[in-house]
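Hi,

Here is the structure I said I'd pass on. Have a look at it first, and then read my notes below.

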Amino acid sequence: MLNLDKLSPILFLLMWSSGAIFVKMGLEDASVWSFLTLRATGALVLITIIAIFWRGSQFTSLAKLPLPILIKLLLSGFLLQVCYQGSYFLAINYKLSPGIVAMVLGLQPLLTPFFSKEHLSLKSYLMLTLGFAGLIIAVYGARDVSHITFLGLLFAVAAVLAITTGSVYQKKIQVHPIASALVQNAIAACIFMVISSSVGWEVHWTTQFIISAAWMIGVVSTGAVLLLLYMLTKDSASSVSVLFYLVPILTMAFDYMAFGTTITVTTVLGSCMVIGSIYLFRQPAMTPKLAKIN
């Protein structure tokens, strides 16, 4: 029998890390808002189908949720699915180097303990710092930091703030991941539909775009998001966020396998630092304790 608790970090990283490549491919044939609308709408349809066949109706549990919890779910969805996804797509659309995007998003594990008010030991902070240093070394080794744009950088900062705040907020909501995903994708689909109808629809239905959209809907926006929500119900926000250090590392590996991008010794060294810091941080002795909030 598969142990989802042990497999979920691995599966999540593999799914989530592939997103950058398919976003870049998809934006060659569609506008940001059209792509985001299709992604959110498709994910909502898929999650709805899963909810229908899941044991125990998630629709019934949603209908019984107190209004304050439902409002918190909507806010969490707005942060994670609208603000983060929109800012991430726009950072790439405004030609910010993927390496710079990775560095900015790499701030998430460092920011999370402060946002979530978790008590971390000095050793834990050192591991987080080591991981961030390793990420910078790995990205620099990939020579993917040459292009910086003001708007791209602005949206990258907005993305890291949105996903950090949203993840911390989601951690406080004790709702089944499928129910959470239903609400999150519903609000994202509605908002992106309004925006795309206002700015205009632009999609070229090429084979490349269809593959990109299908992958983003099925693998990233459904599979990876469900795993992220599941992990947040089991682990501390910091233990989950530290996994994001590995996302750009795996993205570079996918890029190498798909396009033959050069992998340098510097990138390998930085990657080893990242992997080592994550392993040590997630050891039971270093598990962060949640602070008591009065």
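The chain has 14 helices and two strands. Keep in mind that this is a predicted model. There are 294 residues in the chain, and buried ones make up 50% of them. The accessible surface comes to about 14000 Å², with 71% of that belonging to carbon and sulfur atoms. If you take the contacts between residues at least 6 apart in sequence, 91% of them join residues at least 24 apart.

α9 covers residues 150–171, which is 22 residues. From its first C-alpha to its last, α9 reaches 32 Å, close to the 32 Å expected at 1.5 Å a residue. The buried residues in α9 include G152, A156, A159, V160, I163 and S167. An α-helix has 3.6 residues a turn, so residues three or four places apart point the same way. The list of buried residues in α9 also takes in A162, T164, G166, V168, Q170 and K171.

A nonpolar surface patch of about 540 Å² is made by F114, F115, I148, L153, V157 and L161. Which helix gives the most to this patch? That is α9, with three residues. Both α7 (108–116) and α9 supply at least two residues of the patch. I148 sits in the loop between α8 (122–141) and α9. With a relative accessible area of 52%, I148 is exposed, because the cut-off for that word is over 50%.

Staying with α7, take a look at L111, which is located in that helix. L111 counts as partly exposed, at 24% relative accessibility. Leaving out residues up to four places away in sequence, L111 touches V160, L161 and T164. Of these, V160 and T164 are among the buried residues of α9, while L161 is one of the patch residues. L111 and S241 are 130 residues apart along the chain, and their C-alpha atoms are separated by 9.3 Å.

α11 is another one to check. This helix runs over residues 207–234, with 28 residues in it. Its span from first C-alpha to last is 39 Å, close to the 40 Å expected at 1.5 Å a residue. Where does α11 bend? The bend is at M216, by about 35°.

Then there is α2 (residues 19–26). Six of its eight residues are buried, so α2 is largely enclosed by the rest of the structure. The buried ones are G19, I21, F22, V23, M25 and G26.

T37 is found in helix α3 (residues 32–53), and T37 is buried with a relative accessible area of 4%. Neighbours within four places in sequence aside, T37 is in contact with F192, M193, S196 and W201. L62 is in helix α4 (residues 58–63). At 16% relative accessible area, L62 is buried, because the limit for that is under 20%. Not counting residues up to four places away in sequence, L62 touches L73, A179, L182 and V183.

Finally, a backbone item for you. K95 has a positive phi of about 65°, although K95 is not a glycine. Is K95 buried or exposed? K95 is exposed, with a relative accessible area of 53%. Its place is in the loop between α5 (67–93) and α6 (98–105). Setting aside residues up to four places away in sequence, K95 touches H147 and T149. From C-alpha to C-alpha, K95 and H147 are 7.3 Å apart in space, and they are 52 residues apart in sequence.

Cheers

Notes
Residues numbered from 1 in each chain as written. Predicted model: local features only at pLDDT ≥ 70, side-chain atom pairs only at ≥ 80, totals over all residues. Heavy atoms only, no water. Helix = DSSP H or I, 4+ residues; strand = E, 2+ residues; numbered from the N terminus. Expected span 1.5 Å × (residues − 1). Buried < 20%, exposed > 50% of the residue type's maximum accessible area, 1.4 Å probe, protein only. Patch = residues over 30% accessible without salt bridge, like charges linked within 9 Å, V, L, I, M, F, W, Y side chains within 5 Å. Areas by Shrake-Rupley, 256 points an atom, 1.4 Å probe, with all protein chains shown as cover. Salt bridge = Lys/Arg side-chain N within 4 Å of Asp/Glu carboxyl O. Contact = heavy atoms within 4.5 Å. Bend = angle between axes of the 7 residues up to and from the residue.
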